[in-house]
Amino acid sequence: MLTDEVRLPLDVVTATIAVLANRRGGKSAFTHLLVEGMHAAGLPVVVLDVKGDWWGIRSSADGAGPGLPFVIFGGDRGDVALEPTAGELLADLIVDERIPAVLDMSHMSKTAARTFATAFAERLYRRNRDPLHVVIEEADVLVPQRASADTARLLGAMEDLAKRGRHRGLGMTLVSQRGQEV
C-alpha cells in the first residue's frame, strides 16, 4: 500500500520498476513508501545505496521514532562494515536469512562499488528462488546504459536481474535522475 487510496499487488515484489525524476522530485520519498509497503506485507527488500542516504529507513519520517528493522552494511551509520570483496557473501546472507538490508557503498570508489555490485548481483541471480526485491539507488552508477570494458560484466548481471529475475523470484526498482543513462 502506498497510500490509503493507492495499493499495489503483492507480486510487485518481482516486478521491475523505474523511478525517474529530477533532483528533489520525490524519487526517494516514493521509493521509501514502496519499500515500507513491501516490508509491511512481509516481502523482503535489499537496497543498494551508493549515496549513503538509506540508513534513515530505521527511523520514522519525523525522525522521532523507530522505523524499519533493516540491517545497515557499510556507510557512516552501518551496523557492519562493507568491503568491496563481500558481494557474494552478502548475497548468500540475504538469500539464506531473508533479512531486510541496506548495502551502503557510499565509502567506496565507483570502481569498488561496481566490483561489489557485480559479485552481489551475479550470486543473487544464481541462488535466489523466493520473492525478493532489490532497490538500486542512483541506478546510473550501477546500471550504466553503455557497457565499457570495465562495466560489461556488471551491466550483464543487472540485465539478468531486471529482465529475467522474475523467474528467480527477483524484482528490481531502479531510482535515477538520469533515465537516459540507465
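View 1. The model is predicted: local features need pLDDT of at least 70, side-chain atom pairs count only at pLDDT 80 or more, and totals for chains, interfaces and linings use all residues. Residues are numbered from 1 along each chain as its sequence is written, and side-chain values use heavy atoms, with hydrogens and water left out. Helices (H or I, at least four residues) and strands (E, at least two) are DSSP runs, numbered from the N terminus. Rings of Phe, Tyr and Trp (its six-membered ring) pair if their centres lie within 6.5 Å; planes under 30 degrees apart count as stacked, over 60 as edge-to-face and the rest as tilted. By this rule the count is one aromatic pair. F116 is buried, at 0% relative accessibility. F120 is buried too, at 1%. Buried means under 20% relative accessible area, exposed over 50%, partly exposed in between (1.4 Å probe, protein chains only).

**View 2. The largest nonpolar core has 37 residues.** L103, F120, L142 and M158 have the most contacts inside this core. Strand 2 (45-49), helix 2, strand 4, helix 3 (110-127), strand 5, helix 4, helix 5 (152-164) and strand 6 (170-176) each give two or more residues. Helix 3 gives the largest share, eight residues. A nonpolar core is a set of buried Ala, Val, Leu, Ile, Met, Phe, Trp, Tyr and Cys residues joined through side-chain atoms within 4.5 Å. Not counting residues up to four places away in sequence, F120 touches V46, L48, G87, E88, L90, A91, I94 and L103. Contact means heavy atoms within 4.5 Å. A second, separate core has 19 residues, including V13, A15, M38 and V45.

**View 3. H32 and F30 lie in helix 1.** This helix covers residues 27-40. H32 counts as buried because its relative accessibility is 19%. Leaving aside neighbours within four places in sequence, H32 is in contact with W54 and I57. F30 is partly exposed, with a relative accessible area of 32%. The C-alpha atoms of F30 and F73 are separated by 22 Å, and the two residues are 43 apart along the chain.

**View 4. R98 and E138 have positive phi.** Most residues other than glycine have a negative phi. R98 has a phi of about 55° although it is not a glycine. R98 sits in the loop between helix 2 (87-97) and strand 4 (101-104). R98 is partly exposed, at 23% relative accessibility. E138 has a phi of about 50°, and it is not a glycine either. The place of E138 is the loop between strand 5 (132-136) and helix 4 (139-142). E138 is buried, with a relative accessible area of 10%.
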